[in-house]
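Please look over the sequence and the structure shown here before reading on. The briefing that follows goes through a selection of helices, loops and single residues, grouped by topic.

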There are 2 protein chains.
Amino acid sequence: MEMVLEKQVKALSERTLRRLPRYIEILKRLKSEKIEFASSNMIADELGLDSIQVRKDLAATGVIGKPKLGFAIDELIFGIKHTLNWDNQTDAFLVGAGSLGSAILGYKTFSDHGLNIIAAFENEPSKVGEIINHITVLPIEKLSDMAYRMKVHIGVITVPADEAQKVADMMIEGGIKAIWNFAPVHLKVPDFVIVENAQLSHSLGVLTHKLAESLK
Amino acid sequence: MEMVLEKQVKALSERTLRRLPRYIEILKRLKSEKIEFASSNMIADELGLDSIQVRKDLAATGVIGKPKLGFAIDELIFGIKHTLNWDNQTDAFLVGAGSLGSAILGYKTFSDHGLNIIAAFENEPSKVGEIINHITVLPIEKLSDMAYRMKVHIGVITVPADEAQKVADMMIEGGIKAIWNFAPVHLKVPDFVIVENAQLSHSLGVLTHKLAESLK
DNA sequence: TTTTTATCGATATAAATATATCGATAAAAT
DNA sequence: ATTTTATCGATATATTTATATCGATAAAAA
């Protein structure tokens with residue numbers, strides 16, 4: 001088979017991707033102060049980063065700055081959102097309507113972040129039928145079939161550790177392509193499925209370690 | 001069981017720190033299967049990592065492996081927990097008893113991760129006095145003073161964005177040394193204060209971007 | 001006991017990421 | 001209109017992180 005070379009879109013590193021939402025935060029604040037242009041230096045200062053790094057990150061969004069002025073804020077916010085695909089909403093299912101799951105269902109702001117949770121699923125019969133933030137909790141048995149029929153591409157897992165792999169398998173069976181995993185387990189999935197882990201313990205470990213070091 | 005841990009030779013990178021909890025997860029599972037030794041290869045395979053990287057990460061904990069056998073699982077779990085300071089519990093205050101705050105208060109497992117949340121605080125008078133998972137919700141006004149008197153070193157922020165900086169300031173006034181920040185804002189704090197950000201949007205951005213790329 | 005083997009851990013190399021340098025540019029000042 | 005200035009963005013360098021190589025070692029097999 002012959003390789004077709006497309007114009008190489010500058011690949012974004014994961015670290016850059018994680019900084020982009022922070023830039024949006026700063027830019028929105030500057031915008032609310034009626035500022036129209038932001039330089040890489042302003043942004044870097046606000047976040048305690050290096051301005052060269054900010055410029056490099058922003059270069060990956062394709063937005064072009066102006067000498068002496070910096071970046072047009074509106075355009076830059078738009079460009080970052082586009083890069084993150086936050087200017088579209090992708091339908092998602094959430095499984096596990098416990099306290100964390102409910103908290104996530106309660107967030108209205110995910111729609112600004114490209115995520116549209118349209119249904120929740122549960123094992124526990126007593127929770128089925130509940131409505132959380134206008135989202136109905138359905139029985140887990142329906143997950144695969146509904147995901148397939150509704151062409152849902154994102155799954156959010158907020159079940160306990162010992163149920164997570166099973167839930168992931170059901171999601172994949174239903175054609176889900178990306179999993180946002182809050183359960184403290186490593187999910188085994190086929191190569192074509194994207195898993196983004198959001199375990200609180202990972203971040204907590206960094207905190208407790210650094211604190212202990214600093215108190216030495 | 002006696003365990004002598006070598007003094008830590010090298011500073012741990014943040015990326016290593018974030019992998020350590022994942023090793024614990026695998027090791028506990030292997031242990032539950034009555035396995036006593038784990039090689040770097042076994043661990044790496046389970047997590048889809050490189051065995052050399054696992055060995056390097058584990059070297060940073062000071063635990064020594066045995067040729068042909070690998071690492072003694074009990075000793076290794078202990079060593080990793082020690083490195084993360086998860087063998088001690090540090091008292092913490094949480095501010096913001098909304099849905100995410102309540103979810104965090106509900107986690108019983110944080111005590112296995114070095115965190116002991118002993119009180120929660122709120123702005124909203126209607127929430128003050130509530131008891132969530134045996135933890136009382138107190139008025140925010142008491143935060144600084146109580147933190148100082150009780151020598152609390154960790155603060156967890158789960159308030160909305162526009163209140164977070166104010167809460168951080170109060171925490172620092174009360175002598176808190178490390179902040180686990182879930183609010184979507186960059187906190188400005190003195191150098192001696194550690195901030196670990198746990199914003200969901202950062203992780204979500206990686207997911208939505210990768211999914212969009214994969215569907216191209 | 002001797003040999004074979006799997007795995008460690010030290011050192012070396014490669015890749016990714018961050019930081020520095022500097023000419024080009026357009027806005028603002030002169 | 002000309003000069004000065006701040007900032008960009010391309011390229012170069014440094015640093016950090018990940019991966020490869022290989023001798024040393026202790027367990028298991030012969």
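**Helix 8 of chain B**

In helix 8 of chain B, the buried residues are B:Leu200, B:Ser201, B:His202, B:Ser203, B:Leu204, B:Gly205, B:Val206, B:Leu207, B:Thr208, B:His209 and B:Leu211. This helix covers residues 200-215, which makes 16 residues, and reaches 23 Å from its first C-alpha to its last, close to the 22 Å expected at 1.5 Å a residue. The model is a predicted one, and the values below are computed from it.

**Chain A as a whole**

- Chain A contains 8 helices and 9 strands, and its C-alpha trace spans about 60 × 60 × 40 Å along its principal axes.
- Of the 216 residues in chain A, 49% count as buried.
- When contacts in chain A between residues at least 6 apart in sequence are considered, 55% of them join residues that are at least 24 apart.

**Helix 4 of chain B**

- Helix 4 of chain B runs over residues 73-84, has 12 residues and reaches 17 Å from its first C-alpha to its last, which is close to the 16 Å expected at 1.5 Å a residue.
- Its buried residues are B:Ile73, B:Leu76, B:Ile77, B:Gly79, B:Ile80, B:Thr83 and B:Leu84.
- Seen down the axis of helix 4 of chain B, these buried residues fall within an arc of 165°, and so they line one face of the helix.
- As background, an α-helix has 3.6 residues a turn, so residues three or four places apart point the same way.
- The cover over the buried residues of helix 4 of chain B includes helix 8 (200-215) of chain A, and from chain B it includes helix 1 (14-32), strand 1 (37-38), helix 2 (40-47), helix 3 (51-59) and strand 2 (71-72).
- Just after helix 4 of chain B comes B:Asn85, which takes a positive phi of about 60°.

**How helix 1 of chain A packs**

- Helix 1 (residues 14-32) and helix 4 (residues 73-83) of chain A pack at an angle of about 155°, and their axes are 10 Å apart.
- With that angle, helix 1 of chain A is roughly antiparallel to helix 4 of chain A, since angles over 145 degrees count as roughly antiparallel.
- Helix 1 of chain A passes helix 4 of chain A in a left-handed crossing.
- On the side of helix 1 of chain A, the contact is made by A:Leu20, A:Tyr23, A:Ile24, A:Leu27, A:Lys28, A:Leu30 and A:Lys31, while helix 4 of chain A contributes A:Ile73, A:Asp74, A:Leu76, A:Ile77, A:Ile80, A:Lys81 and A:Thr83.
- Helix 1 of chain A also meets helix 3 (residues 51-59) of chain A, where the axes come within 10 Å and cross at roughly 100°.
- Helix 1 and helix 3 of chain A are therefore roughly perpendicular to each other.
- This contact is made by A:Thr16, A:Arg19, A:Leu20 and A:Tyr23 of helix 1 of chain A, together with A:Gln53, A:Val54, A:Asp57 and A:Leu58 of helix 3 of chain A.

**Positive phi values in loops**

- A:Asn133 lies in the loop between strand 5 (131-132) and strand 6 (135-139) of chain A, and its phi is near 50°, a positive value in a residue other than glycine.
- A:Asn133 has a relative accessible area of 24% and is partly exposed.
- B:Lys34 sits in the loop between helix 1 and strand 1 of chain B, and its phi, near 65°, is likewise a positive value in a residue other than glycine.
- B:Lys34 is exposed, with a relative accessible area of 73%.

- A:Glu196 belongs to strand 9 (residues 194-197) of chain A, and at 5% relative accessibility it counts as buried, because buried means under 20% relative accessible area.
- Leaving aside residues up to four places away in sequence, A:Glu196 touches A:Glu14, A:Arg18, A:Ile179, A:Trp180 and A:Asn181, and in chain B it touches B:Ser203, B:Val206, B:Leu207 and B:Lys210.
- A:Ile64 is placed in the loop between helix 3 and strand 2 (71-72) of chain A, and with a relative accessible area of 67% it is exposed.
- The C-alpha atoms of A:Ile64 and A:Arg18 are separated by 20 Å, and the two residues are 46 residues apart along the chain.
- A:Ser39 is found in the loop between strand 1 (37-38) and helix 2 (40-47) of chain A, and it touches A:Leu69 and A:Gly70, not counting residues up to four places away in sequence.

Notes. Residues are numbered from 1 along each chain as its sequence is written. Chains are lettered from A and ligands numbered from 1 in the order in which they are written. This is a predicted model: local features need pLDDT of at least 70, side-chain atom pairs count only at pLDDT 80 or more; totals for chains, interfaces and linings use all residues. Side-chain values use heavy atoms; hydrogens and water are left out. Helices (H or I, at least four residues) and strands (E, at least two) are DSSP runs, numbered from the N terminus. The expected span of a helix is 1.5 Å times one less than its number of residues. Buried means under 20% relative accessible area, exposed over 50%, partly exposed in between (1.4 Å probe, protein chains only). The arc is that of the directions from the helix axis to the C-beta atoms. Contact means heavy atoms within 4.5 Å. Axes are lines fitted to C-alpha atoms, for helices over the stretch in contact, and angles run from 0 to 180 degrees between N-to-C directions. Angles under 35 degrees count as roughly parallel, over 145 as roughly antiparallel, 65 to 115 as roughly perpendicular and the rest as oblique. A crossing is left-handed if the near helix is turned anticlockwise from the far one by less than a right angle, and right-handed if clockwise.
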